[in-house]
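Please read them with the structure open.

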Amino acid sequence: MSSADPVAPSQFPPPVNSPDEFVKRELDAEEDRIEVGVAIVGGGTAGLACANRLLQLLADDPQTMESLGEVPVAIIEKAKTCGGHSLSGAVMRPGPLKQLFPDLSREDWRQLGFAFGEVRKEAVYAIPTRKRAFRVPTPPPFKNHGNEVVSVAALARYQQEQAEEAGAYVLTETAATQLVVEGGEVKGVRSGDKGRGRDGEPQGNFEPGTDIAARATVLAEGCWGHLTGAAIREFDLGEHREPQVWELGVKEVWKVPKPLDRLIHTLGPWPLSLSPKYAQVAGTWIYPMKDEKSGDDLVSIGFVVELEYADATTSPHDLLQLFKTHPLVRKILEGGERVGWGAKALPGGGYWSMPKLSMPGAVLVGDSGGMVDTMALKGVHHCIKSGILAAESIYDSIKAGSSDFSAYEEAIEESSVGKELWEVRNARQPLQKGFLLGAPLSGIQQITKGKLPGRARWHRNDEKPMFIGKTSQKYPKPDGKYTFDKLSSVYITGNATRDDAPNHIRVQQNVPREIAETWRWMCPAGVYEVPDDAPDEGPVDVIVNYTNCVQCGAITAKGGRLTPPEGGDGPLYTVT
Ligand SMILES: Cc1cc2nc3c(=O)[nH]c(=O)nc-3n(C[C@H](O)[C@H](O)[C@H](O)COP(=O)(O)OP(=O)(O)OC[C@H]3O[C@@H](n4cnc5c(N)ncnc54)[C@H](O)[C@@H]3O)c2cc1C
Ligand code: SF4
């Protein structure tokens, strides 16, 4: 039963007080804290690119290396290993990675196990119905010839090894939970406590968090960063910007008997509704992956949904299951086996939604800075490039004895990151009007490569009124072979959240049914449940099974807040 008035998730904000909870106003005394040169929060592709480049510069400059103390570079990563929480499509533009590791060839990348082949053939299909598909000319953003299919989870592991060999101190299983700001400047971060019980009580294995003081702090937390959000608020980094908007992608990796000979994208509209009322916009990918070490033929397949939709029963996880039942897809997976699954949100606002990237003492890199071109679904190369530029700018500032890193911001604007994102700055917003109305305008923006003036507006995902529609009626019943339920998907991520850990998901739990159903269907990990005996009318009490959470971050777009759980919790992605 629906509410009488339209309800939007923003009417039920999460119980969070960012300035009080997530910002620490004073560093602990010297003897109680860890001192490092540069603290990098997040061991994904972006943070590690920053570490790799910085250590290259420091290797040629022992004096500056020494001035940074015993720990010149520290990487703080909440997953069990770097890359453990990283997920991407992932077809990558190769330039920035070549720049970062100039001695490696693309064949070396494949032998090292993080790259899976160059794109030589590609095809784009329109899918009008659940049985039909026809090929269409490849639109410019989908052109991938010459790009490389990679796994960001595996790439981050390689980057971690390189960083450690060059002298970085990598603190895995460590969540940074507070930004330390003293005298208007970021002075480092505080790591979270470990070993608390459900109600926050210290248990036998309790370990308190520690202040990590740094001359420079790099926030590389990926999509929806906890400290990034606190920094944006603290330093007003979103002023004069458009609000950030989000997309949620669900990915599977399949081992297949027959190699796929081309990279595939589909444009729909199936399996989504074209009705503007549903406001559904999505895309899919199928990428071939040849594992040169094992000889296996793999396929990366995924479904990405803009979190602007209005039908509360939209479930990216189940839409991917449905997508796999289409004959075009089914024949690719036939006789194969699912070997990986994961889900992750990405920032979709592009150029106008990028916050200011520097503040006194700190910078934002990669997805923390919103550097994704969602028309082309490309962010990995921007993450690497931003990490490189942040490292160079921090190095120069440290040498000059300064904590002003604003040169980084200018460097981004002048680089391929700024230029590429500028060209598509107004291309995605028209789709907020729905696919049919928005696609022609979006096409004009792409063809003119950003030459049309103006600034297209975004509106916030959580302000979209939700209704209970019919998308869920299409989802297939899982067969355990080609289609799966959410819990078996979470199971294969190696998710290891302690059953008696404190709840890290902040949502109001007594909400109208539209909001409860939105969370229930959206969450790819089955965290939210609406009790069977919930009343037909009026608010319902949502059950939050937070230990299932794979930390995709999507809840933040639709009225909740993901905060970092205890370090080491969550999935352990390997091939995503
Ligand atoms: C579904 C999907 C498909 C995509 N497809 C493509 C594609 O095909 N090609 C492409 O180029 N781009 C693609 N992208 C975009 C691209 O994957 C991202 O831009 C990129 O991977 C982000 O890298 P990152 O290092 O910024 O973030 P991440 O890889 O998310 O790394 C952030 C790290 O920070 C850690 N962390 C976060 N907060 C804390 C904290 N407080 N304390 C400690 N650790 C913390 C996380 O655990 C994580 O390891 C896709 C993205 C998605 C989600
Ligand atoms: S509960 Fe976790 S997995 Fe579910 S939507 Fe929120 S962040 Fe994603």
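1. Lys 451 sits in the loop between α13 and α14 (486–491), and, with a relative accessible area of 68%, Lys 451 is classed as exposed. The C-alpha atoms of Lys 451 and Gly 567 are 46 Å apart in space, while the two residues are separated by 116 residues in sequence. Please bear in mind, here and in every point that follows, that this is a predicted model.

2. Helix α13 (residues 435–447) contains Phe 435, a residue that counts as partly exposed because its relative accessibility is 33%. Together with Leu 274 and Leu 436, Phe 435 makes a nonpolar surface patch of about 260 Å².

3. Which residues come closest to ligand 1? The ligand is surrounded by 36 residues, and the closest are Glu 77, Ser 88, Gly 89, Val 91 and Asp 367. For His 85, the distance from a side-chain N or O atom to an oxygen atom of ligand 1 is 3.3 Å. On its own ligand 1 has 1000 Å² of accessible area, and the protein covers 99% of it.

4. As to where the shell around ligand 1 comes from, the elements that contribute two or more residues are α2 (45–59), β17 (282–290), β19 (337–347) and α10 (380–399). Of these, β19 gives the most, with three residues. By class, the shell around ligand 1 comprises 17 nonpolar, 13 polar and six charged residues.

5. The side chain of Thr 556 reaches the backbone nitrogen of Leu 562 at a distance of 3.3 Å.

6. Is helix α8 (residues 316–323) largely enclosed or largely open? Eight of its eight residues are buried, so α8 is largely enclosed by the rest of the structure. The buried residues are Pro 316, His 317, Asp 318, Leu 319, Leu 320, Gln 321, Leu 322 and Phe 323.

7. Across the whole structure, a search finds 36 salt bridges. One of them is formed by Arg 506 and Glu 21, whose closest N and O atoms are 2.6 Å apart. Since Arg 506 belongs to strand β22 (residues 505–506) and Glu 21 to helix α1 (residues 18–21), this pair ties together parts that are 485 residues apart in sequence. Glu 21 itself counts as partly exposed, at 28% relative accessibility.

8. A further salt bridge joins the side chains of Glu 247 and Arg 428, at 3.4 Å from N to O. Glu 247 lies in strand β15 (residues 246–255) and Arg 428 in the loop between α12 (416–423) and α13, so the pair ties together parts that are 181 residues apart in sequence. Are these two partners buried or exposed? Both Glu 247 and Arg 428 are buried.

9. Salt bridges that share partners also link Arg 106, Glu 107, Arg 110, Glu 118, Arg 120 and Glu 148 into one network. Within this group, the side chains of Arg 120 and Glu 118 meet in a salt bridge with an N to O distance of 3.8 Å. Arg 120 counts as exposed, at 58% relative accessibility, whereas Glu 118, with a relative accessible area of 31%, is partly exposed.

Technical notes. Residues are numbered from 1 along each chain as its sequence is written. Chains are lettered from A and ligands numbered from 1 in the order in which they are written. This is a predicted model: local features need pLDDT of at least 70, side-chain atom pairs count only at pLDDT 80 or more; totals for chains, interfaces and linings use all residues. Side-chain values use heavy atoms; hydrogens and water are left out. A residue is near a molecule or strand if one of its heavy atoms lies within 4 Å of it. A polar contact is a pair of N or O atoms within 3.5 Å; within protein, one must be able to donate a hydrogen and the other to accept it, and residues adjacent in sequence count only if both atoms are side-chain atoms. Accessible areas come from the Shrake-Rupley method with a 1.4 Å probe; for residues, only the protein chains shown count as cover. Helices (H or I, at least four residues) and strands (E, at least two) are DSSP runs, numbered from the N terminus. Ala, Val, Leu, Ile, Met, Phe, Trp, Tyr, Cys and Pro count as nonpolar, Asp, Glu, Lys and Arg as charged, and the others, Gly among them, as polar. Patches are made of residues with over 30% relative accessible area and no salt bridge: like charges are joined within 9 Å, nonpolar side chains (Val, Leu, Ile, Met, Phe, Trp, Tyr) within 5 Å. A salt bridge is a side-chain nitrogen of Lys or Arg within 4 Å of a carboxyl oxygen of Asp or Glu. Buried means under 20% relative accessible area, exposed over 50%, partly exposed in between (1.4 Å probe, protein chains only).
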